[in-house]
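Reader: Hello! Could you take me through some of the labels used for this model, and what stands behind each of them?

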Amino acid sequence: MKILSLESSCDETAAAVIEDGRKICSSVVNTQVAEHGLYGGVVPEIASRRHTENIVGVTEKALADAGVTLDGLDYLAVTAAPGLIGALLVGVSFAKGLSLATGKPLIPVHHLRSHIAANYLAHPELEPPFLCLVVSGGHSHIVSVDDYTQFRILGRTRDDAAGEAFDKAARAMGLPYPGGVSLDKEASKGDPKAFRLPKPHVEGCPLDMSFSGLKTAVVNILHNAEQRGETVNIPDLCASYQNVICHALVDRLMVAAEEGGYHTVAAAGGVSANSGLRALLDRECKRRHLRLFVPPLSLCGDNGAMVGSQAYYEALAGHFAGLDLNAAPSMAIDDEF
């Protein structure tokens, strides 16, 4: 089964051809990082316009790289939720047009489900059930993957996501965009115990997270130092901040794994590329004799390949959409289109 899959939920325009959910025949990503870096973050209107300009080109290249034509495909797939609504609409509208023109059935895919599916491409031996930490710019979830299309949210952030917390703190420190990547680099040069920062928790909900207070604590450190004319050791602050966030994520994941009797855990999403998070996950999973699966860096960010992988399993489950499919800026991972 060959699927052409499209992704345009944020600032990457991507297309891929995936075979049987596990084989990447092609994967093309056009990133807008340099342009949005001029503004210190993603500008939704610009992102939508660039998707409109780029989506035909990345689709044609994905087909060419895979050595197939539209006639040689079985299905079309597209990220339909969640994400920036204008950006999503570009991909959804283009996919519906292709479906109408070719008669190929259309598969709507949830963005977070596809991030989890990135692990299927990198690790052929991985099968549900398993526990997954889903961490990206807008989402921080602990998810039970009961089957390929069956998910349960066990814990989530109540405010800022981990990626958002990284980016906002990095901006306050004056680090270049993308903030999370820059903060990670600075953290590698610092002392994670240099600053005493609050450990976020949600009373009565041990698996839930909260990062807004921690972010505010860092901003206050910077402002207080500026008012006193003092200099803050940025690598030390980055290392301390990253350490607290990573422990908040991993400690809860380990509690969920123990309480649920899981023997296999995974991580997914853009923040799963963070070096501190990967190192801590590896250490804690080895200590508890848990199998750990993490995507390679090339599959952590948004891409079309992960969409095609999840689409394969959605197709097997009979989850298709008609031409009335609409994009949704917010949607829970356990909801259906």
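Author: Applying the salt-bridge rule (a side-chain nitrogen of Lys or Arg within 4 Å of a carboxyl oxygen of Asp or Glu) gives a count of 18 salt bridges. This is a predicted model, where local features need pLDDT of at least 70 and side-chain atom pairs count only at pLDDT 80 or more, while totals for chains, interfaces and linings use all residues. Residues are numbered from 1 along each chain as its sequence is written, and side-chain values use heavy atoms, with hydrogens and water left out.

Reader: Why is the contact between Asp65 and Lys61 called a salt bridge?

Author: The closest N and O atoms of Asp65 and Lys61 are 3.2 Å apart, which is within 4 Å, so the pair meets the rule. Asp65 and Lys61 sit four residues apart in helix α2 (residues 44–66), about one helical turn. Helices here are DSSP runs (H or I, at least four residues) and strands likewise (E, at least two), numbered from the N terminus.

Reader: What makes Asp65 partly exposed?

Author: Its relative accessible area is 43%. Buried means under 20%, exposed over 50%, and partly exposed in between (1.4 Å probe, protein chains only), so Asp65 falls in the middle class. Lys61, at 44%, is partly exposed as well.

Reader: How do you know that Lys215 and Asp160 are buried?

Author: Lys215 has a relative accessible area of 17% and Asp160 has 8%; both values are under 20%, so both residues count as buried. Their side chains form a salt bridge at 2.9 Å, N to O. This pair links distant parts of the chain, 55 residues apart: Lys215 is in helix α7 (residues 212–228), and Asp160 is in the loop between β8 (150–156) and α5 (162–172).

Reader: Which residues are joined with that pair into one network?

Author: Glu164 and Lys168 form a salt bridge of their own, with closest N and O atoms 2.8 Å apart, and lie four residues apart in helix α5. Salt bridges that share partners join Asp160, Glu164, Lys168 and Lys215 into one network.

Reader: What makes His289 exposed?

Author: The relative accessible area of His289 is 72%, which is over 50%, so the label is exposed. His289 lies in the loop between α9 (275–288) and β10 (291–293), and has a positive phi of about 60° although it is not a glycine. Most residues other than glycine have a negative phi.
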